[in-house]
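Hi,

Here is the structure I promised to pass along. Have a look at it first, and then read on for what turned up.

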Amino acid sequence: MTKATANLLYSKEHEWVEQLEGNRVRIGISDYAQKALGDIVFVENPEIDDEVIVNESMGTIESVKAVSELYSPVSGTVVAVNEELEGAPETINENPFEAGWLIEVEISNPEELESLLNEEEYEAFTNEGEE
Amino acid sequence: MSTETALKQTPLFETYGKYGAKVIDFGGWALPVQFSSILEEHEAVRTESGLFDVSHMGEVLVEGKDACAYINHLVTNDITKLAINQAQYTAMCYPDGGTVDDILVYKLADEKYLLVINAGNIEKDVEWMKKYVKGDMKLENISDDIAQLAIQGPKAEVILQKVTDTDLSAIGVFKFAQHVTISGITDVLVSRTGYTGEDGFELYLQKDQVVALWEKLLEVGTSEGLKPCGLGARDTLRLEARLPLYGQELSSEISPLEAGVGFVVKINKESDFIGKAALSAQKEAGLTRKIVGIEVTGRGIPRHGYKVVSEDGEEIGIVTSGTQSPSLKKSIGLALISVEHAEVGTLLKVEIRNKQIDAVVVKTPFYKK
């Protein structure tokens with residue numbers, strides 16, 4: 001990973017959130033999540049203009065073996081979708097924080113960001129999960 | 001699921017970690033789903049070779065003067081046709097034609113057979129087998145004593161030959177050699193069988209020897225491209241080769257005829273067998289449903305339990321197995337559907353998360369070496 005991940009926020013459902021300009025955020029899944037999933041072979045993102053709601057399903061991600069729900073870490077309107085993933089979902093394994101991003105959202109409730117974890121908290125959270 | 005129940009382990013459990021395994025619960029067994037990556041392991045088996053721990057499989061020894069007659073009554077295939085050192089794939093059925101298990105029968109000697117059964121069915125199978133014990137024979141569940149490795153792929157023979165003096169090229173498909181010595185490990189049964197659609201061997205041995213064999217094979221095989229493989233790749237490999245998995249393509253509700261393995265049902269063999277009347281009737285009347293290969297042409301991956309719908313919107317069956325095929329780079333599956341829609345080329349829909357996604361019936365196996 002080339003990009004500093006220190007400024008990212010994380011949800012307990014293993015999505016990261018990067019704050020862009022204004023109320024726009026970019027969303028992806030964490031390195032921990034892509035490793036846990038294994039080889040990703042399919043992604044179903046929401047479409048542009050779809051509304052997403054915090055902690056509700058916004059799409060699906062499938063590895064060879066399993067189907068997992070993607071939960072939106074924020075509420076808002078989808079303004080961009082990473083179309084590259086349709087033909088190359090393995091990009092998420094290769095580069096979850098940059099080329100493997102999922103969607104961008106114009107958030108409707110910036111306060112929701114406050115309940116997300118910072119990198120240190122997220123690391124502690126995933127270590128807990130490992131016991 | 002209760003996390004309190006201790007998962008069963010094979011003798012290799014402690015060794016997995018050394019090779020980077022991700023271990024998960026497979027029907028009560030702690031088994032590696034992958035070591036490096038399912039896709040990499042799958043590719044290794046198709047192009048080089050892979051090593052699988054399949055020690056969870058069950059083994060039952062049947063011995064005695066009446067062993068042959070006993071087994072032949074229990075299974076649908078005809079084991080009287082077997083020569084010593086020959087193996088046969090067969091089904092064991094209920095009287096109604098549903099499948100108790102799909103098994104391999106190894107003829108070890110004239111009055112001695114080894115039956116290899118699915119891990120999840122060991123208790124059920126042994127109980128079933130015991131019910132029919134008759135005459136001069138004994139039946140012994142030796143599942144806890146026997147370990148099994150599978151070395152599969154085009155390089156399997158070359159690699160295994162490095163560590164044994166037994167001429168492996170002399171072992172034909174569905175044949176085996178007994179009491180083989182591999183790198184000082186004695187008494188290995190080496191069988192040219194497998195569950196991947198590739199050439200390869202299954203190795204049965206005493207469980208206290210299996211760690212040494214695993215490590216030896218990887219030691220001599222790594223330079224030839226041998227990779228430790230998990231059950232994730234085993235599943236994608238067997239699915240591409242259209243080999244049925246008990247609990248999905250075969251079950252107490254699905255007969256071997258419906259599963260598309262009718263070649264194991266020898267209605268006309270001399271002896272009677274359990275399920276014969278029901279299977280004859282099924283054959284006579286014609287099947288109403290059967291397992292077919294499907295390819296999803298829309299966006300989505302078929303998965304076990306998804307509904308299959310006709311072009312007219314009528315529900316016609318379910319997906320029994322499905323995946324994104326690593327070798328074909330296509331979304332494929334097997335589905336149990338009504339025969340009216342089973343012809344190759346028939347357009348269907350698979351219901352994936354409330355959406356009906358385009359699919360088509362295709363020829364199987366999806367992959368052939």
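Predicted model: local features only at pLDDT ≥ 70, side-chain atom pairs only at ≥ 80, totals over all residues.

If you want a spot to start from, Val81(A) sits opposite Ile103(A) in strand 9. Strand 8 (residues 76–81) also pairs with strand 5 (residues 51–52) of chain A, again antiparallel, over two bridges. There, Val52(A) is the residue facing Gly76(A) of strand 8.

What do these strands belong to? They are part of an open, antiparallel sheet of six strands in chain A, in the order 1-2-3-9-8-5. Strand 1 (9–10) and strand 5 are at the edges with a single partner strand each, so one side of each has no neighbour in the sheet. For strand 1, the pairing is with strand 2 (residues 15–19), antiparallel over two bridges, and Tyr10(A) stands opposite Trp16(A) there.

Now for where the chains meet. Nine residues of chain A contact 12 residues of chain B. On the chain A side, strand 4 (40–44) and strand 6 (57–63) each supply at least two of the residues that touch chain B. By type, that side of chain A divides into four nonpolar, two polar and three charged residues.

The crossing of helix 2 and helix 7 of chain B is right-handed. Helix 2 makes the contact through Ile38(B), Glu41(B), His42(B) and Val45(B), and helix 7 through Gly232(B), Ala233(B), Thr236(B) and Leu237(B). Those contact residues of the two helices come out as four nonpolar, three polar and one charged.

One last stop in chain B: is Ala6(B) buried or exposed? It has 8 C-beta neighbours inside 10 Å, and 12 or fewer is the cut-off, so Ala6(B) counts as exposed. Ala6(B) lies in the segment before helix 1 (13–16) of chain B. Its C-alpha atom is 9.0 Å from that of Ala30(B), which is 24 residues away along the chain.

Cheers

Key:
Residues numbered from 1 in each chain as written. Chains lettered and ligands numbered in written order. Pairing = 2+ DSSP bridges. Helix = DSSP H or I, 4+ residues; strand = E, 2+ residues; numbered from the N terminus. Left-handed = near helix turned anticlockwise from the far one by under 90°. Contact = placed C-beta atoms within 7 Å. Nonpolar A, V, L, I, M, F, W, Y, C, P; charged D, E, K, R; others polar. Buried ≥ 20, exposed ≤ 12 C-beta atoms within 10 Å, placed from the backbone.
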